[in-house]
Amino acid sequence: LAPGVTDTDGDGNPNVHGARETGLQYRLDGGNITDPVSGTFGQNLNADIIEEIEIITSGASAEFGRADGGFANIITKSGGNEFEGRFSIRYRTRFLNGDASGSNDVNTFDTNTPDYRDIRPSLSLGGAIVEDRLWYFGSLEIRDSEVPVSQAGNTRLRTVRGHYGFAKLTWQVNSYNKLAFQASSDPLEF
């Protein structure tokens, strides 16, 4: 929704001010996670770990580089002094999704589309190890889905299984310095 950003082919890899869709650099807490082969996003993330997304479409400072379009910096959550937890399940089936596509010719599914499911349970926990000094945050989303894919009028189910894991430890060294260690994992089997 940022000015100058469009996704004309609807694949989720937008164009920024007329640059190619490979011109947008994806960053996770400032570190580049753009796939060097495809030029698109290179890591799948659990949406529950996102605190905010910063979009820079022009006038990037010197810390940014190697992109001709813009930058999408995903800033992750950190734990706080209060313990917090969240559990959710994202569930989608043909019953809840209708024809799965609206009236798009490319992805129209007929009445012979097999039943499918997309189940994504997610758990996030965060809190303090040492109040005002050391915090933790972790999240795990399990992916178990069979979703229809239309291939020239022949609808098939694509199976995806795996998980999106994330863990972060944040230490407030002093009033001017904060140190964070984080690890993420996104293995998927198609």
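Visitor: Fine. Which strand gives the largest share of the lining of the second largest pocket?

Guide: That's β8, with four residues. β8 covers 117–130, and β7 (84–93) also gives two or more residues to that lining.

Visitor: How much space lies in that second largest pocket?

Guide: About 200 Å³. It is lined by 15 residues, and K77, S78, E84, G126 and F137 lie nearest its centre.

Visitor: What's the lining like by class?

Guide: The second largest pocket has two nonpolar, seven polar and six charged residues in its lining.

Visitor: OK, and what is the volume of the largest pocket?

Guide: About 820 Å³. Its lining counts 29 residues, with D11, G12, Y26, F41 and N44 nearest the centre.

Visitor: How do those residues divide by class?

Guide: For the largest pocket you get 18 nonpolar, five polar and six charged.

Visitor: Which strands supply at least two residues there?

Guide: β3 (24–28), β5, β6 (70–76), β9 (134–151) and β10 (154–172) each do.

Visitor: Let's zoom out. How many helices and strands are in the chain?

Guide: One helix and twelve strands. Going along the sequence, the pattern reads β-β-β-β-β-β-β-α-β-β-β-β-β.

Visitor: And what share of the residues counts as buried?

Guide: 31% of the 190 residues. As for contacts with a separation of 6 or more, 56% of them are between residues 24 or more positions apart.

Visitor: Now single residues. Where is R27 found?

Guide: R27 sits in strand β3.

Visitor: Why does R27 count as buried?

Guide: Because its relative accessibility is 9%, and the cut-off for buried is under 20%.

Visitor: What is R27 in contact with?

Guide: Leaving aside neighbours within four places in sequence, R27 is in contact with N32, I33, E63, F64, G65, F71, A72, N73 and I74. There is also a polar atom of the R27 side chain 2.9 Å from the backbone oxygen of G30.

Visitor: How far apart are R27 and G42?

Guide: They are 9.7 Å apart in space, C-alpha to C-alpha, and 15 residues apart in sequence.

Visitor: I also wanted to ask about Q43. Where does it lie?

Guide: Q43 is in the loop between β4 (31–32) and β5 (50–56).

Visitor: Is Q43 buried or exposed?

Guide: Buried, because its relative accessible area is 15%, again with under 20% as the cut-off.

Visitor: What does Q43 contact?

Guide: With neighbours within four places in sequence set aside, L28, I33, S184 and D186 are in contact with Q43. The side chains of Q43 and S184 are also joined by a polar contact of 2.5 Å.

Visitor: Last topic, confidence. What is the mean pLDDT of the chain?

Guide: The mean is 84, and 89% of the residues reach 70 or more. Over residues 102–109, though, the pLDDT is below 50.

Visitor: How many contacts does that stretch have in the model?

Guide: Residues 102–109 have 13, beyond near neighbours in sequence. Where pLDDT is low, predicted coordinates should not be read in detail.

Technical notes: Residues numbered from 1 in each chain as written. Predicted model: local features only at pLDDT ≥ 70, side-chain atom pairs only at ≥ 80, totals over all residues. Heavy atoms only, no water. Buried < 20%, exposed > 50% of the residue type's maximum accessible area, 1.4 Å probe, protein only. Polar contact = N/O pair within 3.5 Å; in protein donor to acceptor, adjacent residues only side chain to side chain. Contact = heavy atoms within 4.5 Å. 1 Å grid on protein atoms, 1.4 Å probe; cavity = no way out; pocket = protein on both sides within 12 Å on 5 of 7 lines; lining within 4 Å. Points joined across faces, edges and corners; volume = space filled by probe spheres on them. Nonpolar A, V, L, I, M, F, W, Y, C, P; charged D, E, K, R; others polar. pLDDT = per-residue confidence, 0-100.
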